[in-house]
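Me: I'd like to go through the labels on this model and see what each one rests on. Can you take them one by one?

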Amino acid sequence: MHGNPPLIHATGAARWDEAFLPDGSIRPAYRQAFGHFEALGAAGVESLQHSADLSMLNQGVTFTVYSDARGTEKIFPFDLMPRIIDAHEWQKIEQGVAQRMVALNLFLEDVYHGQKILKAGVVPTSQIMRSTLFCREMSGLNPPGKVHVHIGGIDLIRNESGEFHVLEDNLRCPSGVSYVIENRWVMGRVQPELLKQYRVRPVDHYPQMLFDSLASLSARDNPTVAVLTPGTYNSAYFEHSFLANQMGAELVEGQDLLVDQDVLYMKTTRGLQRVDVLYLRVDTDFLDPLAFRPDSVLGVPGIMHAYRAGNVALANAPGNGVADDKALYAYTPEIIRYYLDEEPILPIVPTYLGSRATDLRYMLEHLRELVVKPTDASGGYGLLVGSHASKKELEAFRSQLAANPDHYIAQPIQQLSTHPTWVEQDGGHGFFPRHVDLRPFAVCDVHGDVRVLPGGLTRVALRQGSLVVNSSQGGGSKDTWVLYPENGAEASRA
């Protein structure tokens with residue numbers, strides 16, 4: 001008799017796999033999880049996956065793919081095998097994320113005021129002044145507590161060395177935290193037995209963390225907090241409504257707001273109500289047609305006047321894009337050293353700038369070995385993974401790069417770590433290695449104190465061999481379990 005085929009496969013794993021050691025044995029933290037899934041068997045896992053998908057559908061956990069002509073609303077793919085991070089490893093991640101938030105806040109305050117870092121030559125003045133993300137309307141403007149970044153999402157990867165590296169910073173409208181919370185809720189509903197076997201730090205307090213951070217920006221008692229969304233057709237609308245609901249805040253569109261005598265008001269059935277703090281999920285360009293794009297119908301005319309007058313706090317502050325511009329990323333280690341006199345806790349991936357002549361020459365000559373990204377794009381759009389491109393695609397991209405070098409950066413292709421993921425492969429379903437990244441989320445209050453949510457969004461590339469994890473490019477997500485210190489994998493105590 002032949003036995004059943006294995007449920008969990010190590011074949012095809014990257015040099016660093018999250019669940020398997022290099023010799024193919026199971027990492028200690030994953031032994032109970034593997035035993036749980038093996039006991040379920042393929043039919044049991046398939047049934048649980050169906051229940052998880054149904055739960056996501058019923059909760060309306062969707063995102064929008066603008067490039068898909070078959071229909072834009074998609075259920076966010078969720079994988080049942082959690083990513084497990086022990087307390088010691090998480091401590092370094094937490095410290096590294098907080099360090100970046102503090103340093104980049106100091107950088108933004110400096111860039112929009114004294115510009116000491118530019119005068120010192122640490123960051124080239126041309127890098128800032130030619131950036132389309134530099135917001136001249138923020139020059140000399142003083143946000144509450146001199147804090148510009150209130151919500152950050154820092155993208156991390158673990159490469160073949162096993163060390164986490166920062167891939168990019170998201171300091172404008174970082175999205176995905178609602179999926180972190182929803183993923184945990186789904187796990188609690190469909191796999192409560194597995195969750196109870198581990199001592200996992202919670203994530204459902206994030207809305208309170210966020211509300212406390214936002215409320216701290218106002219000097220008024222019991223401030224009114226609102227979330228500004230572009231509307232129901234935005235790709236992250238589910239998250240906007242989710243966070244507003246969980247915080248007990250108002251969800252508003254630009255047409256629901258008006259500015260009168262430099263004070264922001266919300267239109268209600270009871271008349272005008274003052275808004276003290278506005279959580280922006282609208283890009284700076286569309287925020288105020290009087291200050292930015294005059295054709296914008298998403299923003300609020302005069303809101304920048306109210307902001308400059310100190311009558312409303314905006315989070316994140318307009319103009320933060322100059323600090324998460326992909327080209328500036330190359331300078332972030334020097335930024336940390338300059339402002340904090342510390343070494344970066346988390347290293348960055350080596351980065352070549354098209355704006356540097358020597359870097360550009362290297363990029364053009366080694367295109368097949370690089371990932372090339374537009375400096376102003378996100379969501380995995382517009383990038384080239386050289387090793388996956390045809391000769392024709394490489395030549396076309398080489399021409400684009402040569403014609404507009406300032407618009408691109410490049411990084412060596414990183415061998416992202418893999419993680420067992422429930423997919424169809426080799427004619428059947430099983431847990432096969434798929435590449436993952438991690439986006440931890442942090443909030444910063446008016447005093448500059450940073451809190452990092454223990455976990456984050458683990459995104460997974462569902463296609464075999466793919467390194468692109470973005471949901472808009474066919475990726476999914478996993479629940480991320482950060483274990484409490486000591487005895488992290490023992491049964492949870494009552």
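Me: First up, at what angle do helix H12 and helix H13 pack, and how far apart are their axes?
Reply: Bear in mind that this is a predicted model. Helix H12 (residues 357-365) packs on helix H13 (residues 391-403) at about 170°, and the axes are 10 Å apart.

Me: What makes H12 roughly antiparallel to H13?
Reply: The cut-off for that label is an angle over 145 degrees. The pair has about 170°, so H12 counts as roughly antiparallel to H13.

Me: Which residues meet there, and how do they divide by class?
Reply: From H12 you get Leu360, Met363 and Leu364, and they meet Arg398, Leu401 and Ala402 of H13. By class that's five nonpolar, no polar and one charged. Arg counts as charged, so Arg398 is the charged one in this contact.

Me: Why is H7 called roughly perpendicular to H8?
Reply: The axes of helix H7 (residues 206-215) and helix H8 (residues 237-247) cross at roughly 80° and come within 9 Å. The label covers 65 to 115 degrees, so H7 is roughly perpendicular to H8.

Me: And what does that contact consist of?
Reply: On the H7 side there are Tyr206, Pro207, Leu210, Phe211 and Leu214; on the H8 side, Leu243, Gln246 and Met247. The class count is seven nonpolar, one polar and no charged residues.

Me: Back to H12: how do you know that its buried residues line one face?
Reply: Buried means under 20% relative accessible area, and in H12 the buried residues are Asp359, Leu360 and Met363. Looking down the axis of H12, they fall within an arc of 100°, so they line one face of the helix. Ala357, Thr358 and Glu365 are exposed on the other side of H12.

Me: What do the buried residues of H12 pack against?
Reply: They pack against S13, S14, H13 and S16.

Me: What makes S13 and S15 edge strands?
Reply: The open sheet has four strands in the order S13-S16-S14-S15, with antiparallel pairing. Strand S13 (352-353) and strand S15 (384-385) each have a single partner strand, so one side of each has no neighbour in the sheet.

Me: How do you know that S14 and S16 are paired?
Reply: Pairing takes at least two bridges. Strand S14 (residues 370-374) and strand S16 (residues 408-412) have five, in the antiparallel sense, so they pass. Pro374 stands opposite Tyr408 in S16.

Me: Where does H13 lie on this sheet?
Reply: H13 lies across S14, S15 and S16, and runs at about 130° to S16.

Methods:
Residues numbered from 1 in each chain as written. Predicted model: local features only at pLDDT ≥ 70, side-chain atom pairs only at ≥ 80, totals over all residues. Heavy atoms only, no water. Axes fitted to C-alpha atoms, helices over the stretch in contact; angles between N-to-C directions. Helix = DSSP H or I, 4+ residues; strand = E, 2+ residues; numbered from the N terminus. Parallel < 35°, antiparallel > 145°, perpendicular 65-115°, else oblique. Contact = heavy atoms within 4.5 Å. Buried < 20%, exposed > 50% of the residue type's maximum accessible area, 1.4 Å probe, protein only. Arc of directions from axis to C-beta.
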